[in-house]
Amino acid sequence: MEKFRTVLDFCLSHQKVLGYSAVSLLTAGSERLFSAVAFQCPCNSWNMLYGSVFLLVPALILFLLGYLLNVRTWRLFTGCCASGKWSCWRFFRVLWLVTVSAAVAPLTWIAVALLGANLYECAASGSSLLQRHLCQGRGTQCHERVARIPCGGTLPQEAQTSVNLRAQSQVLGWILIASIMALVLAVTCINRCRSPVSFLQLRFWKIYLEKEREVFERKAKEHATKLAERNLKCFFESTEPEPFQTPSNKDWQQISSLYAFNTKGQYYSMIHKYISSNRGTSIRSTEEDVFSPALGFVDGTDFNETGTL
């Protein structure tokens with residue numbers, strides 16, 4: 001039991017990294033399976049379009065899926081047009097964080113596809129620029145031989161030394177992976193450097209949010225059950241409903257707004273801020289608030305919203 005608790009604590013403290021790693025591994029496995037089962041280069045004039053579609057369209061689908069499954073996306077967009085009470089600058093800063101999270105899977109797809117080299121080889125062999133470069137003064141038959149490279153075709157002897165599409169693809173794949181890792185490290189260091197709270201307080205903050213999510217789900221189910229029982233009892237027994245205290249629309253809007261850090265008040269969530277302030281006043285962000293990327297996990301707390309999309 002103690003070993004299980006240690007593993008559980010490790011997973012909770014590194015859930016973001018583990019989550020991204022799981023997404024990357026799943027995407028990499030899907031790309032390999034997809035390329036082996038569905039991809040078959042036509043080896044003709046369709047090479048460029050066919051290879052590019054298989055390389056980029058799945059990445060686009062994964063990118064859009066990342067937006068759909070990100071809790072912060074719906075916390076950001078829900079009700080923003082109706083209320084009209086949001087700053088463009090803050091809106092796009094939070095949207096940027098969502099975009100970075102959504103880009104993990106598509107970039108993994110492209111990197112793994114480049115390392116596999118099949119998609120790039122097919123697309124590049126159909127490029128008119130490459131065909132003109134390799135077939136200077138050799139006619140259209142040479143163009144057709146270039147397009148058949150992915151299917152085992154060969155080039156004229158004098159042109160073979162000037163092209164190795166698989167090697168190019170794998171080099172680009174490793175460059176992309178190295179660039180992404182360097183960028184992630186740099187951004188993480190900058191965000192942590194600019195964090196308004198200490199390392200241990202960040203750990204406590206994440207523990208608090210996890211516990212708040214658990215209690216919220218339990219209390220929400222209990223509250224919804226009591227309200228449903230009262231309403232159904234009145235319906236079937238034709239009686240007047242008893243007074244029932246429940247949060248108003250304004251209350252829900254208050255706690256659903258985006259979190260912003262303020263040195264004047266130490267609040268770990270919008271619910272914490274709401275119950276610690278005068279309930280009649282607005283707790284939405286002001287010009288003094290700071291949207292710190294290091295605290296982006298606060299708005300990412302999942303109250304089972306993705307299960308209802």
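**Around helix 7**

Ala117 comes directly after helix 7, and its phi is positive, near 75°. Helices here are DSSP runs of H or I with at least four residues, strands are E runs of at least two, and both are numbered from the N terminus.

The model is predicted: local features need pLDDT of at least 70 and side-chain atom pairs count only at pLDDT 80 or more, while totals for chains, interfaces and linings use all residues. Residues are numbered from 1 along each chain as its sequence is written, and side-chain values use heavy atoms, with hydrogens and water left out.

Start with the whole protein. It has 15 helices and 0 strands. Of its 309 residues, 33% count as buried. Buried means under 20% relative accessible area, exposed means over 50%, and partly exposed lies in between (1.4 Å probe, protein chains only). Take the contacts between residues at least 6 apart in sequence: 72% of them join residues at least 24 apart. A contact means heavy atoms within 4.5 Å.

Now return to helix 7. It covers residues 104-116, 13 residues in total. From first C-alpha to last it reaches 18 Å, close to the 18 Å expected at 1.5 Å a residue. The expected span is 1.5 Å times one less than the number of residues. The buried residues are Val104, Ala105, Pro106, Thr108, Trp109, Ile110, Ala111, Val112, Ala113, Leu114 and Gly116.

One partner of helix 7 is helix 3 (residues 47-68). Their axes come within 7 Å and cross at roughly 160°. Axes are lines fitted to C-alpha atoms, for helices over the stretch in contact, and angles run from 0 to 180 degrees between N-to-C directions. Helix 3 is therefore roughly antiparallel to helix 7. Angles under 35 degrees count as roughly parallel, over 145 as roughly antiparallel, 65 to 115 as roughly perpendicular, and the rest as oblique. The crossing is right-handed. A crossing is right-handed if the near helix is turned clockwise from the far one by less than a right angle, and left-handed if anticlockwise.

Helix 3 brings Phe54, Leu55, Leu56, Pro58, Ala59, Leu62 and Phe63 to this contact. Helix 7 brings Ala105, Pro106, Trp109, Ile110 and Ala113. By class, that is 12 nonpolar, no polar and no charged residues. Ala, Val, Leu, Ile, Met, Phe, Trp, Tyr, Cys and Pro count as nonpolar, Asp, Glu, Lys and Arg as charged, and the others, Gly among them, as polar.

Next, helix 8 (residues 118-125) meets helix 12 (residues 165-193). The axes come within 9 Å and cross at roughly 125°. That makes helix 8 oblique to helix 12. This crossing is right-handed. Asn118, Tyr120, Glu121, Ala124 and Ser125 of helix 8 touch Leu165, Arg166, Gln168, Ser169 and Leu172 of helix 12. The contact has 4 nonpolar, 4 polar and 2 charged residues.

Ser169 of helix 12 is buried, with a relative accessible area of 0%. Neighbours within four places in sequence aside, Ser169 contacts Ala113, Leu114, Leu115, Ala117 and Tyr120. That list includes Ala117, the residue with positive phi.

Finally, look at helix 13 (residues 199-237), which holds Tyr208. Tyr208 is partly exposed, at 25% relative accessible area. Beyond residues up to four places away in sequence, Tyr208 touches Tyr268, Ser269 and His272. Tyr208 and Ser269 are 61 residues apart along the chain, and their C-alpha atoms are separated by 9.1 Å.
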